[in-house]
Amino acid sequence: MSMKNGQASLFNEEQQGPEAEPQSCMCVLVPYPVDKAYDYGVPDDIALVPGEYVTVPLSGREVPAVVWGDPAGDVKPGKLKSVVLKHALKPMPEVMRQFIDWVADYTMSPRGFVLKMALPVFGALEPPKPAKGYRLLSSLRAQRSNLEMDCRVADAPRNDRLKVTAQQQKVLDVLSDGVPRIAASIAREADVSAGVVKTLAGKGVLEETEIFNSAPCRKPDPHRVGPALSEDQDSTAEHLKKAVRDDKYHAALLDGVTGAGKTEVYFEAVAEALKQDKQVLILLPEIALSNAFLDRFQDRFGCAPALWHSHLATGQRKTTWRGVAEGHTKVVVGARSALFLPYQDLGLIVVDEEHEPAYKQEDGVIYHARDMAVVRAHMGGFPVVLVSATPSLETIHNAWAGRYEHLHLPDRFGGARMPEIESIDMRAKEHKPEALHFISPTLKDAITETIERGEQVLLFLNRRGYAPLTLCRSCGHRMDCPRCTAWLVEHKSSGKLQCHHCGFATRPPQHCPECSEADSFAACGPGVERIFEETKALFPDANILMLASDTAENNDVLRKMLKDIKDDKVDIIIGTQIIAKGHHFPNLTLVGVVDADLGLTGGELRAAERCYQLLHQVAGRAGRAAKKGRVMLQTFMPDHRIMKALAEGLRDPFLETEAAEREAAHMPPYSRLVGIIVSGRDEGQVVDVAKALGKSAPQEAGITTLGPAPAPFARLRGKFRYRLLVQADKNLDIQKTIAHWVGGVKTPSTVRVYIDIDPQSFL
Ligand code: ADP
Ligand code: ZN
């Protein structure tokens, strides 16, 4: 908030300077944390309409920008700086600019900061530069079949026989199709070093060409036949296809058990939108983990979708951004940030796993991509499909109220049955694991039976590392992060104690820093590494694989692990939530949840909902094909309504109870929350600002303010944090009230006040 008004003045001075008097004037938004669009002069030889991408001078640099509209007229014409150039791109559509304005207002972020999300790769505005490519001389292509070739090279004497090595021959084979490639791809495809390519080029056997990367996913084929749909799937798909054909805003919740074929169904809607020549966006919570999804897309549409996530290489980002902005790229599969790409003609958004917390962005512009996707569809006048087996309470509430069409797919495809879910009461004597162990004898027996039948087991524990807490046996000292309010987590694989919040890592000390006792540390509680160790000891002959975000360090490793599971090379999988979602392992029939209560203890607003969703997802990994699945939840609270709802398959009553509790407490979705986080390195300053905010909290009817209080993470990455929580009736213009309130509190530049509309996290 302070940013929204404060930093604008920083750039205002830039407007003044002796410049030639331009003819006309436009207001232009720059992708920096400023809210205001500035007036710039437009030279005679440039014709500009709103939405045009331009380069303008700012703070002594030239920066990209977008023409936002008519000038504000607040700078004297003689003092205006001028637009430097206009880029050869289709202008950003009006609806996209309205969307950026809307998101900025709603999230209380500077508009330029939101624009930055639409313009994340500055180089993309310039016309793409060609890469140097090579192809086989056309005169050689016809005759290159022998190892020893008779080849006439440009300046070689006639009939000179060129000897090629086996390595070089591989290159010639790859290039025999006449398609030019860059040296690195030739080398990769031919499995030789790039030097071999260079040598052949030097000999004049290859010729240089220019290669332009074309936009990804230009021609997905909507007419390819997908799988034959079941009756349920077909009628659901018809609803979605009709919504696409109607070409107006429509929100649907596609609600179906895991394995119901929701993806196949929404692919039909995607095909329909492609037939209308529209662009499509499919949002996934964790794009890096979606290899299987991408393969399915390729099967269905005959080409890979364009990907959008934070790990893309710069070159890829540029071509994809341009492809989307020009309207050439038809389907983007992306993480939340893909929502802000400047689509030329978007006609459908699918939000898969709409309940996932990963859709909330917690830094920069703080927004919820699912909610903003619905807004985008509304503004653009096209359908949005929210997909889940465990819808969020917000979404189901909208469906109950009739605001979203509620489409059901109640059964697993192909007659696969839902798994049987049972709780193991860890309080009972017969279920108690041995000391310092975590797998109950009951679960152990089930594992034995399953692997003896040649089927697979998943042991789920949503905690990375070996042990979440390291304690001195002598004095009780806990090893915690010097920068955060958090314990250090022991990781045996790296031999370090790590902070999962800031990345701090250290070797375990020889002596307790508190009491100096030597070798006194004990590991408390389990992480996946510890379960792996225990499982290995219990089942020495089994093939056991551990999968966590830090063990599957890159996509190739992960791909290989998932393939090994599919190929039945693994008996027992130990995994965190990375394995819980989306995967389809036909031979996996037993899921054991090591600590089903994990996540229930925090007492956060959505703890029960989240816990239910996660356990349901994990349970959904069991018995997805012909063999029936079984799920065992190790819990100290077998009577908790979550365990009961899971065991009895009663999702809706669970959601209804949850909704009733929220309504009674006047919590979302029955009210609106706003989190205010005050953060800074100087605790005194942070407390002063937090107190000042508390004192001047709005007194209007329908608004309650709680706090300030130290945040649960009272220190994070070395900064002190205090929180306030505003609870407001839904019909209030809460942004206006908060702008007035927070704007009225003096804040030193060393303290930041973050505003989190509709917070998901309260840490
Ligand atoms: P969901 O997204 O609902 O969990 P999926 O779309 O992933 O379900 O489908 C589960 C499995 O069933 C996938 O392997 C999918 O290919 C298969 N499947 C679903 N519907 C069909 C169909 N109509 N024909 C053939 N296979 C299908
Ligand atoms: Zn830390």
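Let me start with one contact: the side chains of Lys-278 and Asp-345 meet in a salt bridge, 3.4 Å from N to O. A salt bridge here is a side-chain nitrogen of Lys or Arg within 4 Å of a carboxyl oxygen of Asp or Glu. Lys-278 sits in the loop between α10 (262-275) and β12 (279-283), and Asp-345 in the loop between β14 (331-334) and β15 (346-352), so the pair ties together parts 67 residues apart in sequence. Helices (H or I, at least four residues) and strands (E, at least two) are DSSP runs, numbered from the N terminus.

This is a predicted model, where local features need pLDDT of at least 70 and side-chain atom pairs count only at pLDDT 80 or more, while totals for chains, interfaces and linings use all residues. Residues are numbered from 1 along each chain as its sequence is written, chains are lettered from A and ligands numbered from 1 in the order written, and side-chain values use heavy atoms, leaving out hydrogens and water.

Is Lys-278 buried or exposed? Lys-278 counts as buried, at 18% relative accessibility, and Asp-345 is partly exposed at 35%. Buried means under 20% relative accessible area, exposed over 50%, partly exposed in between (1.4 Å probe, protein chains only).

Next pair: Arg-641 and Glu-658 form a salt bridge at 2.9 Å, N to O. Arg-641 is in helix α19 (residues 641-648) and Glu-658 in helix α20 (residues 651-664). Salt bridges that share partners join Glu-609, Arg-641, Glu-658, Glu-661 and Arg-662 into one network.

Overall, the structure holds 32 salt bridges, and buried residues make up 53% of the 763 in the chain.
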